[in-house]
Amino acid sequence: VDTQVAIIQYASGDAKSALKSAKDAVSAQPDRAPAQLILADVVKTVQSPEKAAQVLEKAWKIEPHPLYTQAYIKLKGAQAPDAILEAVQSLIGKKTDHPLAKLELGRAQLAAGDLSAARQTLTEAEQARPSHEVYRALAALAQEEGASFEEINELQGKALLYPRRDSWVCSECWDERQEWSAVCPSCESFDTLTWGQEQQTNQTQSLQLEQRMASSVGLLENRS
């Protein structure tokens with residue numbers, strides 16, 4: 001509740017009240033990304049981007065989250081691949097053994113053109129926790145390395161076997177949202193939006209897999 005209150009207060013321009021609500025939210029649930037993200041937003045306004053970056057660094061140490069990476073890069077004003085890589089390294093700090101840290105670092109290394117480092121890091125990410133995002137990154141890396149179409153296609157196929165984790169998903173109605181809210185806008189269930197699709201039923205996952213396979217086949221036919 002405090003998180004949603006902070007979001008509303010911040011949107012209405014009451015940053016002082018939002019800061020208190022956001023701090024209360026983080027104190028109650030320090031591992032909740034929405035609470036940490038609104039706290040970082042408010043701290044940036046009330047204090048400074050540097051202080052906001054510290055909020056995200058602390059949040060990452062508690063429980064890494066991909067949205068922390070996006071917010072941190074934005075706070076640092078990093079746009080060039082090398083600057084983004086430096087920002088990612090700064091965020092993850094010494095917490096490099098977490099699977100998400102390996103994924104984020106590997107993708108940043110790939111974007112910066114350090115293919116050797118990206119290969120090692122993304123391989124470690126695959127071994128630690130294979131996922132849709134890991135195999136997508138490995139497919140992109142293989143393409144940069146000049147791998148065969150068959151090798152790239154195999155990696156892309158493996159990616160389809162895992163659910164995407166790039167949005168907030170309601171565990172009641174399965175509606176997907178880019179922005180978190182305490183109440184699902186579609187079914188009005190309370191506190192049911194979670195990151196990614198891990199809680200979806202097997203039937204829902206199968207339907208989505210069929211859709212993605214059909215989309216991939218269509219894409220390949222268009223390229224032929």
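In which helix is V5 found? V5 belongs to helix α1, residues 2–11. Good morning, colleagues; please keep in mind throughout that what we are viewing is a predicted model.

V5 itself is partly exposed, its relative accessible area being 31%.

Let me turn to helix α5, which spans residues 66–76. Its buried residues are P66, L67, Y68, T69, Y72, I73 and L75. What covers them? The cover includes the helices α3 (33–46), α4 (49–62), α6 (81–92) and α7 (99–111), together with the strands β1 (168–170) and β3 (193–195). Just after α5 comes G77, with a positive phi of about 65°.

P49, in helix α4, brings us back to this region. The C-alpha atoms of P49 and G77 are separated by 9.8 Å, although the two residues are 28 apart along the chain. If we set aside neighbours within four places in sequence, P49 is in contact with K44 and L75; L75 is also one of the buried residues of α5. P49 counts as partly exposed, at 32% relative accessibility.

Next, consider a pair of helices. The axes of α9 (residues 132–144) and α10 (residues 149–159) come within 8 Å and cross at roughly 170°. An angle over 145 degrees counts as roughly antiparallel, and α9 and α10 are therefore roughly antiparallel to each other. On the α9 side, the residues that meet α10 are H132, Y135, R136, L138, A139, A142 and Q143. Their counterparts in α10 are I152, L155, Q156, K158 and A159.

I now come to charged pairs. Side chains of opposite charge can pair when their charged atoms come close. How many salt bridges does the structure hold? There are eight, and I shall discuss some of them.

D24 and K20 form one, with the closest N and O atoms 3.1 Å apart. Both residues lie in helix α2 (residues 15–28), four residues apart, or about one turn of the helix. An α-helix has 3.6 residues a turn, so residues three or four places apart point the same way. D24 is partly exposed at 31% relative accessible area, whereas K20 counts as exposed at 55%.

R119 pairs with E145, and here the closest N and O atoms are 2.6 Å apart. This bridge links distant parts of the chain: R119 is in helix α8 (residues 115–128), and E145 is in the loop between α9 and α10, 26 residues apart. Both ends count as partly exposed, R119 at 30% relative accessibility and E145 at 38%.

The side chains of E176 and R164 also meet in a salt bridge, at 3.4 Å from N to O. E176 is in strand β2 and R164 in the loop between α10 and β1, 12 residues apart. Salt bridges that share partners join R164, D166 and E176 into one network.

Finally, a word on backbone angles. Most residues other than glycine have a negative phi. W174 has a positive phi, near 65°, and lies in the loop between β1 and β2. E188 likewise has a positive phi near 65°, and its place is in the loop between β2 and β3. Are these two residues buried or exposed? W174 is partly exposed, with a relative accessible area of 24%, while E188 is exposed, at 64%.

Conventions:
Residues numbered from 1 in each chain as written. Predicted model: local features only at pLDDT ≥ 70, side-chain atom pairs only at ≥ 80, totals over all residues. Heavy atoms only, no water. Helix = DSSP H or I, 4+ residues; strand = E, 2+ residues; numbered from the N terminus. Buried < 20%, exposed > 50% of the residue type's maximum accessible area, 1.4 Å probe, protein only. Contact = heavy atoms within 4.5 Å. Axes fitted to C-alpha atoms, helices over the stretch in contact; angles between N-to-C directions. Parallel < 35°, antiparallel > 145°, perpendicular 65-115°, else oblique. Salt bridge = Lys/Arg side-chain N within 4 Å of Asp/Glu carboxyl O.
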